Structures are given as C-alpha cells and as structure tokens.
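Subject: Structure handover

Hi,

Here is the structure you asked about, with my notes below it. Please open it alongside this email.

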Amino acid sequence: MIQKPKPSKTEPVSVQGGEDVRTGLSSQALQQAFCEHLFYLQGRHPRTAARNDVYLAAAYAVRDRMFQRSVGTVQALLNNPKVKLTAYLSAEYLMGPQLGVNLINLGIFEAMREALANEGFDLEDVLEQEEEPGLGNGGLGRLAACYLDSLATIEAPALGYGIRYEFGIFDQEIRDGWQVEITDKWLRWGNPWEIARPELAVEVPFGGRTESWRDDQGRYRIRWIPAYVVKAVPHDTPILGYRVNNCNNLRLWRAEAVESFDFAAFNVGNYFQAVEEKIKSENISKVLYPNDQSPQGKTLRLQQQFFFVSSALQDMFRIHMRYGGRPENFYNHWAVQLNDTHPAVAVVELMRLLVDVHGLEWETAWDVTVRTMGYTNHTLMPEALEKWPVGLFGWLLPRHLEIIYEINRRLLEEVRRRYPGDEGRVARMSLIDEKGERFVRMANLACAGSHAINGVAALHTELLQREVLPDWVAMYPQRFYNITNGVSPRRFLLRSNPQLSALITEKIGDTWPRQLDKLRHLEALAEDSGFQQRWQEAKRENKRRLTRLIQERTGIEVAPDSLFDIQVKRIHEYKRQHLNLLHILTLYLRLKQNPDMDIPARTFLFGGKAAPAYQTAKLMIKLITSAGELINRDPEVGGRLKVVFFPDFNVKNAQSIYPAADLSEQISTAGMEASGTGNMKFALNGALTIGTLDGANIEIRQAVGAENFFLFGLKAEQVREIRQRGYQPRAIYEQNTELRGVIDLIASGALSKGDGNLFRPLVENLLGPDPFMLLADYPDYIACQEQVSKLWGRPAAWNRMSILNVARMGYFSSDRSIREYCEKIWQVKPVPVNDV
C-alpha cells in the first residue's frame, strides 16, 4: 500500500539516512519520490491508479534526478567561458523507450525495482507501458539517438535539435498479409521526459519577398519581408550519460500559429478562417516525413526542414550573444553537424543571419559558416541526395534562393579558375541543377558550406569520394573524412540483454559499458566449455522470451531451439529481403522433394516498415507473409521451417529481437548500404553474420575475423563491372534449376491463392533488370547458407564464434565514433560535471 506523502516543506524533504527525496538514489528515496508524484502530479489514489499513472510517477521521479544533473551541466558550462558545444541537427531522432535506459545510466535499475515492489508494482510491467516516440524512420534517427547518448557519456557538451512531430513514423499492422499504416499517437498518454519552454519560442518566416535598402553607413543591404510567420516552441528532453553527471539536452521544436484564433472572423461566422492560421502552422510539426509525391507534400517537407534549422540557429545565436559571444566568433563556440541533407538549408540560414541580421560582410560570414558546419553523408543512392525545385524554393524561401545564387556564383568562379575550360565540372558542382526543370542540389550546398564532409563506413567513404562527390574531393581534399558508425552498448546490450550483460560483467567487471574494448577479455573464455554452456543458456532464455512475443503478436508458434535466422530493417529492394526469401523457398522445395532430408530447424523472422508510397516494398512484405502462410501450414515440412513477419519493428521490439538472433542477415547489394548499424547490434548480442562486403560489414568482418563471418556475394567493383558489360539475369534463371523452380513457384500463384498476377511485378523485375542483382548472388548465398547449417550442428564451434564476435565488437561503440567526431571535426572537448 502506498503511504500518503507528507506535506511539502520549504526545505528539501528527506528520507531515512538524510537523502533528498528529489535526488536520492536509494530505493527508499525512490519509493517516497514515486509516492509523491503519484499523489501530487497524477492526483491518483493507489487503488485507482492505472498502469500509465504508475509509469508516469516512476518517470517523473527519474526525471527529477536527471534535471538535477542537467542544471549542474549548465553550471559547469557557464564556468567555462571558452567551451565549445556540438549542435547536432537531425530530422529524425529514434530515441526508443527512456525509462529503462535512464535507470541504467543513473545506476538505480534494481533500486527502482525494489521501490516499486514495495508499493505492489512490477518494474517490468511499468517498463512495458511506455510509448515509444516514433520520431525517426530507421537507421538515421537511431544513429542520432546513439550519438546523443555517447556525447553525454563521454562528457562532451552538446544540444540535439529536431522536430517534435505530433505523429511519428506510422504504427504497422499486418492485415491479410499486407502492411497497413496506423497513426502513431505517441503523445496520447503524455510524455513525462519533456518540458515545454514557451518563453524561448522563436519566429520562423516563410514566403513573401525581399527588398534592398541602405543602412546608416550607406552599405547595401537586403531585407526579407515574409508572407507569414510561424512560432517555434521548444520542448526539452534531458539526455543523461552513463554513470556520469553530464546531462545534455535534446531540443525539439513544435510549430504553432503566432495568432491561433481570429475573433473577428469567428464573430462573423467564418469559423474555418478563425482557426486557419493555427491549422496551417501546426501542420509543419504534425507528421514525420509527409508523402512528398504531391506539390503540397514537397512544400511541407521543405517547410519542416527550414523550420527546425532556423529555430535551432536562432536559439544558438540567443545563447551565444547572451553569454558574450560575437557573430564573427560563432564557430569558436559552436560546431554544427548536418545529419544528412535534410538540414542542409542551415548553410544558407546561417549566412542570412550573419549578413542580414548581424551585419557581417559576405566574406567574413562565409568564413564563419564554413568553419561552423560539418556534413555527414548517409547514402550513395542518387534519389536520396535531396533536390528542391527552384520555383518552390524561391516561393517559400525567397531570400535564401538569392543567397544560394550568390554562393553559387562565387563557387563556380573558383571552379573555373581552378579548372579552366572544364564546363562539365562546373555543371556537376553547381548548386543548381540546370538540366530540364531547375533544382537546388542540397548535397552540393552542404559540401560547399562545410569544412568537413564524412562518410559513415570505410567502403561508403571510398565510394562517396570516387563515385558520388569526386569533383568535391579534387577541389577540397582536406574536407573529407571517414567516421564509421557505432551503436550504444548501454541501449543495445546492457538494457536489451540483461542475461548476457550479467554474465559478461561477472567475468570481466562492470566498466565495459563505457569502455567497450574491454570485451576483448572474453576471448580467453571462448574455448571454455562451462562458459560456453552459460553463454548458450543466456541466448536460449532470450529466444524463449522472443518466442512468447511472437506467439502473442502473430499467433505463430516457433521452437526456441531452432536456429533463429533474422532480418529486421527497413523494407527496401537494395536490402534484399526477397533474396532471403528465395533461400527459404529453396529449402521448402528441397523438403517437398525429399521430406526425409536432414536440415536443421530454422525460424526465419523478418521485420521492418515499407514507406507508404513504396509499392514494391509493400509487395515484398506480402510475399513474405504469403510464403509463411504456405510453409507454416504444410505438414510435410513438419515445423522444420517457420516464417514470421514481426509487425511494427521499432526500438522497443528490437530490444527483444537482437538478443535472440543466432544468424544476422546483412545481405544488401555490395556498394549500396552506407554503413548499417543493425549489423553491429546483432553481432554485439552474439549473432553470427551472413553478409556481403557492403557498408560496415567489411569492418565487422575485419574485426571479428574472416573465419567468424559467413561471407558471400559480389564485391562492389564486380557489381559495377557486370553492369557495365551488360547484366543478364534471365540467363542465370534459365541455367540454375533450383532458382528456376523457386521463381516459377512464385509466378505460379501457389503463394497467392492461385493469383498468378499478384507477384508478377516482382518476378518480372528479377528476370528483367534485377537492379540489385539477387540472381547474380543467389548461388553463392545458397552455398553460404549450407555452411551455416553445417556449423549449427556443431554447438561448441558455434558458441565459440558467437563469443568471439562479441569480444571483438569494441570498435563499434558509438562512444568511439563520437570521440572521432570531437577530435577530427568538431574540436569539442569534454567538460566533466563533478558536482550536482
């Protein structure tokens, strides 16, 4: 029974032992804090409290302790006048559930478990209640979240900036085998981690026109007269480091109208006009990534990007000027990182603020801008290098288009001076694509306006420099870096896999979550049969947990002792979920032809979302679920193969999936994946990888040892050579009997209740262009999978490889990545917070 809290006093309330109820870390202090929040913030009696009330009260108790550290961090920064901060600009932050990881970072996970148990509540039930903020689409947003975690953990001062979308990435349901998108109402039960800061709101202009004028010194100046203005209201979420006092801030902006209600219009009966400005303004932060196939969708996407970039830069200037900074030394105190091209308009907005608002000369402003900005490229795919129609850009941001033209004029003058007569290079490097309809090239803008440009894996950076941005490399070679991505071991091992984490800590101590290289000490135990047995039991327990979840979410029963073969990631043709399916159907046909065939039982689990407008990806999901329906019900297979599509893959579900995987499918076409981080999360949890030489797979294979990695497929240069000389996928189909049988099975309608047309687009794509070379890699993939099956029959050898994979994953901590950013690009130094 919860005891009624005592009335609040002027002095901090203490519990037995003298701890402050708001800041103490003992179970007694947490119990009392929980009770106070349940009574005074939730207004709930324990007998009427819903599970969400309990979750909120627990979260508020944790947040108190985080804000204590947040205030202490601000004080430490104020005491250091030469401090430099990182401002991380990202359109996505896929943060995941916060309560569990914050308990771990504070070191009070078990204390909170005890505190809640004393009040009759179970911590696991409370953790399950938390809604996940779906403020990202996949790897880009999750990487941003890992980097915020690491910035705080290595005690580097930073602010994350983005958009507080009212509705995040859609929730995914599977109906009749098809993806159905459901509105993600992540805010419906409240968000206890954020605090609104309306007093720090800024105004963001759009549209209108510009006019020239002369200032008091007679200088020619430009004034932007916008058509309308939107208010940006910041919402702050504390980001705590692991077992340190540093607590940084994620500041997300919500759009609202400057004047949300027009009384005059309302009084004459024009009720829509009365709230028109409110609706138009709030649409900007309504939905993550609106469909941009229509002109209205394109406009909204560009509005979103400028909205959060302008808000962030105005906020930085407010802080900078308040504490004695000058516009010309902005770069001494701020390192602004562009997470892909979505925030690239920051280059132009910073120039506008420096030139138009703060009165700097162009050359000085450009020097400040370039020294401030850094650009991370995350893709080699041309369609992901954003371009905006010049007409749209000029209509929405007229002053910014003028600035872009001036940047471009000066840039192309320099190109022509350096490379006289090379007009092809001039056209490629121009910020304006002049072919057909004119477009603003955001990647070129980011390259022009940044002092550092980095790829996110060794191969990605090599291909980026050689194939995507070679002209920029030739002109500015000193700007290019590689910083391979990493993942947070706190989120993806310590929180996700408590069984394995406890075993690791028992054997090598408890410092590895901040010093992941210490996992190397596990190598000495790789041959130890007793340790292998405990390692295997930790994996088996994770598989039992996932088995229960699969049954609950899909109704499919799977065997926890089967080989869990898992591919979870965004559904896309280049990620080749359908190559995985070709292997599954190959095994199925083999079993149909020879039911007595000796193959290990496998559970194939897929998960991931297809973009709502990406029909091919949605058809791939339907093909997977249709294959599962056929195979799972076939008595001749006898349960030896099970196919599961796990709906609504997100961070919360990933925390159950990664620890249970035996085999990690990283099978993208070589040269297509920038890095990937799912590959790291799987390996960190003891899964063996089957993969191509693509993205960070290459570095993972180098780290864990080629003998501990199942490699197959063409290399990136082989892919390029085959394409150049003419790829003939139909010839492969005709020559490979097994492949032909599988594709004919799909085409026959056997997976679609006799409808031979349903999957025809996929079949024709494979037999025609096969742009991602599934058929070219199919024979090698099947042969490699046979090696997987053979090794699975030797548990000791499998466990040894699993242990070595984990032991050698230290390099892939996001802490290492962030240290490289701090040292190579940002020149940001740690500022430890010693007292709170």
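**Helix packing**

Helix H1 (residues 27–40) packs against helix H4 (residues 109–118) at an angle of about 55°, and their axes are 8 Å apart. That angle makes H1 oblique to H4. Their crossing is right-handed. On the H1 side, the contacts come from Ser27, Leu30, Gln31 and Phe34. They meet Ala111, Met112, Glu114, Ala115, Leu116 and Asn118 in H4. Please keep in mind throughout that this is a predicted model.

Helix H22 (residues 577–593) and helix H23 (residues 615–632) cross at roughly 20°, and their axes come within 10 Å. Angles under 35 degrees count as roughly parallel, so H22 and H23 are roughly parallel to each other. The crossing of H22 and H23 is left-handed. H22 contributes Gln577, His578, Leu581, Ile584, Leu585 and Tyr588 to the contact. Their partners in H23 are Met620, Leu623, Ile624, Ala627, Leu630 and Ile631.

**Aromatic pairs**

How many aromatic pairs does a search of the whole structure find? The count is 19. One of them is Tyr88 with Tyr147, an edge-to-face pair. The ring centres are 6.2 Å apart, with 85° between the planes. This pair links distant parts of the chain. Tyr88 is in strand E1 (residues 85–89), Tyr147 is in helix H6 (residues 139–153), and 59 residues separate them.

Are these two tyrosines buried or exposed? Buried means under 20% relative accessible area. Tyr88 is at 2%, so Tyr88 counts as buried. Tyr147 is at 0%, so Tyr147 is buried too.

Trp472 and Tyr476 make another pair, with ring centres 6.3 Å apart. Their planes are at 20°, so this pair is stacked. Trp472 is buried, at a relative accessible area of 2%. Tyr476 also counts as buried, at 15%.

Back to the tyrosine pair. Tyr88 and Tyr147 belong to one aromatic cluster with Tyr821 and Trp826.

**Charges over rings**

There are two lysines to look at here. Lys543 lies over the face of Phe564, 4.7 Å from the ring centre. Lys609 lies over the face of Phe170, and the distance to that ring centre is 5.3 Å.

Find Asn339 in strand E11 (residues 334–339). Asn339 has 0% relative accessibility, so it counts as buried. Which residues does Asn339 contact, leaving aside its neighbours within four places in sequence? They are Tyr88, Leu89, Ser90, Leu140, Ala144, Thr376 and His378. Tyr88 has already come up, as a member of the aromatic cluster. Leu354 is 15 residues from Asn339 along the chain, and the two C-alpha atoms are separated by 22 Å.

His451 is in the loop between helix H16 (442–448) and strand E16 (452–455). With a relative accessible area of 24%, His451 is partly exposed. Thr372 is 79 residues away from His451 along the chain, yet their C-alpha atoms are separated by 7.4 Å. Not counting residues up to four places away in sequence, His451 touches Val370, Arg371, Thr372, Met373, Arg479 and Ile825. Thr372 is therefore among the residues in contact with His451, as contact means heavy atoms within 4.5 Å.

**Positive phi**

Most residues other than glycine have a negative phi. Two residues here have a positive one.

Asp176 has a phi near 55°, a positive value in a residue other than glycine. Asp176 is in the loop between strand E3 (171–175) and strand E4 (178–182). Exposed means over 50% relative accessible area. Asp176 is at 58%, so Asp176 counts as exposed.

Lys753 is not a glycine either, and its phi is positive at about 55°. Look for Lys753 in the loop between helix H29 (737–748) and helix H30 (760–767). Lys753 is exposed, with a relative accessible area of 73%.

Best wishes

Note on methods. Residues are numbered from 1 along each chain as its sequence is written. This is a predicted model: local features need pLDDT of at least 70, side-chain atom pairs count only at pLDDT 80 or more; totals for chains, interfaces and linings use all residues. Side-chain values use heavy atoms; hydrogens and water are left out. Rings of Phe, Tyr and Trp (its six-membered ring) pair if their centres lie within 6.5 Å; planes under 30 degrees apart count as stacked, over 60 as edge-to-face and the rest as tilted. Helices (H or I, at least four residues) and strands (E, at least two) are DSSP runs, numbered from the N terminus. Buried means under 20% relative accessible area, exposed over 50%, partly exposed in between (1.4 Å probe, protein chains only). A charge sits over a ring if NZ of Lys or CZ of Arg is within 6 Å of the ring centre and within 35 degrees of the ring normal. Axes are lines fitted to C-alpha atoms, for helices over the stretch in contact, and angles run from 0 to 180 degrees between N-to-C directions. Angles under 35 degrees count as roughly parallel, over 145 as roughly antiparallel, 65 to 115 as roughly perpendicular and the rest as oblique. A crossing is left-handed if the near helix is turned anticlockwise from the far one by less than a right angle, and right-handed if clockwise.
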